[in-house]
Amino acid sequence: MIKTQFAFVPVKFDEIDDADHTYYIPSCRNIKPLLTSIEQIGLLNPPILQPNNSGQFRIVCGFRRVRVLRELGMTTKLSAFVFDSVEPASEILLHALLDNLTHRDFNPVELSYILQRLQEFGLTREKILADFLPILGFGRNPKVFELYEGIAHLSHDWQKAIIDDRVPLDLLHTIQTLDDLDSAVMIKVFDTLRLGKNRQREFLQLLVDVAQIQHLTIAQLTAEQWFTQILTEPSWTFSQKTEHLKELLWEKRYPRYITVKNQYEEVLKASQMPPGLDLHHPPYFETNEFSLNIRFSSLSELLQKLDHLEMMIKNGYIQKMIDLV
Amino acid sequence: MNKNFIPDIFQPRRIFVESGVSDLAMTRRILQKFPHQTIEYIDDANQFPATFQLGSDEKWNHDLLLAKQRGPFLRLCPGTQKHLCCLYHNLDVAAGCDLGCSYCILQGYLHNPLITIYCNIGDMFTELDNKLSQHPNSFYRIGTGELTDSLTLEPISELGPELVTFISKRHNAIIELKSKNVHLQPLLSLRHKRRTVLAWSLNAETVTQSDEGKAASIEARLAAAREAQNAGYKLAFHFDPMIDHENWQIGYRDIVERIFSTIQADNIAWISLGALRYPSAFDEIMRANHPRSRIFLGELLPGVDKKLRYFRPIRVELFRAMYSWIRSYSSTVFVYLCMESRDVWQKAFGWAPRNSAELKSLLDDCVLQ
Ligand code: SF4
């Protein structure tokens, strides 16, 4: 409940201190529509201000509106709602939030800045979870708090990707553990390869793991020649590049598994299996169960394939495969 | 880490008590140990996780909950599809642990971050009594170390002596108290009739130091095992999870050597081996809780049961080497694999039980003699 009062009064434009960011919630929204609207029909929704100790007014709600008015040169006088108290207060911030919520939802980046601001006002995590998150439409889940809290610290590129819904939010836990350089490299890799959300998850984990295994940073790992060569290869499509990189990263992440897998594929290749005869190794060679699929459309074709299978058994190919596991 | 490191006794930051157990003797006994602590009473511990909120520094294991065990205390180990299981029974006397190993699957299994002690132990003894009397021809190997460490909460719960005494009077059960802690003093003077197996989980020193949180040092665990031996207890050792790390051969061989130079082989009921494994769904939680651990960088691949395990040849190599080192000290100590297929047994040990029932019976024999 907001206890402070406010009045609707005329204010001189140069008394507004828009460098005072006490209640500022950064927004990545395009300012153009607002500019067009104010230019054409004027300011319909007056800003909300609060006097500060230096005799000026800080903005509670309306940073973008004040900015547009300045850009349009409408800087003489305006009418605004002005609070009667001078002290910054979380109730007033709440007022700013509620005012915003009347005409828009907050995106994850804005929510993150809001959480940051609320904490700067000295509110505890418990209080924010209990009183503020539900108002903002995010329930009382501490996980939501944890997830969104760190977004404010991410780079502009990441924040943009989040707002554009190009990255899954659950990835952010990992991203937030990276240093600035690695984080910048990651978003560049995602963008360059145009990775979908699932692929991003897989790639991020692979890069993080391989970098750790090799005691490198992600920036160092992705600066290695094999990586940059694939990334910049002009004749490959994005998905070909992604596949090649993935293959090489798996070799580094799971060297023993990939060695056995390659050996299996070599034996398979040497056995010259005809199309329509498919032999599959157990997933990750975890069990002993191979599977065989035979496709045929005539008796003679079936016999041909069975003959080939017999040859594979006689020449030891099947045994070699079994021995691999 | 100090060579003889012993963790401090768990000091809960907050204590919550479910109203239904507030008058029970065990609850009162526990609360008496914390006379200056504020106690918060709650109606229903099941509703608790939903409303419980963590502060930013409160990730794990700071708070104690005294609650009622609503389900059965005794559960047959669920085992794993296509793997041999020793058909062990878990006795859930508590859930949660203060030691904080990076690989601990309780991080994913438990729905709240508190350490819960179930205080309706009267119900537990009645349940045990009924089970053991109703099936006089079945033999039960029971352990309390599935959802907690069996000794770490002992200074608070003081349940151990009651369990040891209870089991000493039963002909068809033994209890195994499995731990990485050393709080066993009150057990040493009991008449246990060798129906309690005191067991320690061990690992290579480097793994203990990097990934076993506040657990007692290996030296301290082995010293405790020696004390238990002197008190006439049967002992067991668990190398689980074994971690594939640089120079693992040196690390594990060293521990095997230290076991056999500290403990007489014929006092060892069994030694188990298991390699790092955990449900893939827990991967993210465990990594987030232990960002500096390198154990998640092993060649862990999803198995048929959706658990991540080391690539099979790596497991076989770990087990085979351990088996041969153990055999070089004792030809008779029973060594078994936890949650592995017959095929892995065969490759690692050169033999395999026909099925889970045979494995059970072999293990039962180790404590029936
Ligand atoms: S000692 Fe056992 S129960 Fe405790 S944290 Fe370690 S693995 Fe988990």
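1. Conventions. The model is predicted, and local features need pLDDT of at least 70, side-chain atom pairs count only at pLDDT 80 or more, and totals for chains, interfaces and linings use all residues. Residues are numbered from 1 along each chain as its sequence is written, chains are lettered from A and ligands numbered from 1 in the order in which they are written, and side-chain values use heavy atoms, with hydrogens and water left out.

2. Nonpolar cores. A nonpolar core is a set of buried Ala, Val, Leu, Ile, Met, Phe, Trp, Tyr and Cys residues joined through side-chain atoms within 4.5 Å. Buried means under 20% relative accessible area, exposed over 50%, and partly exposed in between, with a 1.4 Å probe and protein chains only. The largest such core has 215 residues, and Trp200(B), Phe237(B), Phe239(B), Trp270(B) and Leu273(B) have the most contacts inside it. Helix H12 of chain B, residues 312-329, gives the most to this core, with nine residues. A second, separate core has 16 residues, including Ile31(A), Leu35(A), Val68(A) and Leu69(A). In soluble globular proteins, nonpolar side chains tend to be buried together.

3. Helices H9 and H10 of chain B. Helices (H or I, at least four residues) and strands (E, at least two) are DSSP runs, numbered from the N terminus. Helix H9 (residues 218-230) packs on helix H10 (residues 248-262) of chain B at an angle of about 30°, with the axes 10 Å apart. H9(B) is therefore roughly parallel to H10(B). Axes are lines fitted to C-alpha atoms, for helices over the stretch in contact, and angles run from 0 to 180 degrees between N-to-C directions. Angles under 35 degrees count as roughly parallel, over 145 as roughly antiparallel, 65 to 115 as roughly perpendicular and the rest as oblique. The crossing of H9(B) past H10(B) is right-handed; a crossing has this hand if the near helix is turned clockwise from the far one by less than a right angle, and is left-handed if anticlockwise.

4. Residues of that contact. Contact means heavy atoms within 4.5 Å. H9(B) contributes Ile218(B), Glu219(B), Leu222(B), Arg226(B) and Gln229(B), while H10(B) contributes Ile255(B), Arg258(B), Ile259(B) and Thr262(B). By class, the contact of H9(B) with H10(B) has four nonpolar, two polar and three charged residues. Here Ala, Val, Leu, Ile, Met, Phe, Trp, Tyr, Cys and Pro count as nonpolar, Asp, Glu, Lys and Arg as charged, and the others, Gly among them, as polar.

5. Helices H5 and H6 of chain A. Helix H5 (residues 125-132) and helix H6 (residues 142-149) of chain A pack at an angle of about 110°, and their axes are 10 Å apart. This makes H5(A) roughly perpendicular to H6(A). H5(A) passes H6(A) in a right-handed crossing. The residues in contact are Arg125(A), Ile128(A) and Leu129(A) of H5(A), with Pro142(A), Phe145(A), Glu146(A) and Glu149(A) of H6(A). Four of these residues are nonpolar, none is polar and three are charged.

6. Phe296(B). This residue is found in the loop between helix H11 (283-289) and strand S14 (300-302) of chain B. Phe296(B) is buried, with a relative accessible area of 3%. Leaving aside neighbours within four places in sequence, Phe296(B) is in contact with Arg253(A) and with several residues of chain B, among them Tyr278(B), Met286(B) and His290(B).

7. Ala199(B) lies in strand S10 (residues 196-201) of chain B and counts as buried at 1% relative accessibility. Beyond four places in sequence, the contacts of Ala199(B) include Leu177(B), Ala236(B) and His238(B). Ser90(A) belongs to helix H3 (residues 90-101) of chain A and, at 17% relative accessibility, counts as buried.

8. Backbone geometry. The peptide bond from Asp240(B) to Pro241(B) is cis, with omega near 10°, and Pro241(B) is found in strand S11 (residues 234-242) of chain B. Tyr284(A) has phi near 55°, a positive value in a residue other than glycine; Phe285(A), also not a glycine, has a positive phi of about 55°. Tyr284(A) lies in the loop between strand S6 (277-280) and strand S7 (291-294) of chain A, and Phe285(A) is found in the loop between S6 and S7 of chain A. Tyr284(A) is partly exposed at 25% relative accessible area, whereas Phe285(A) is buried at 2%.
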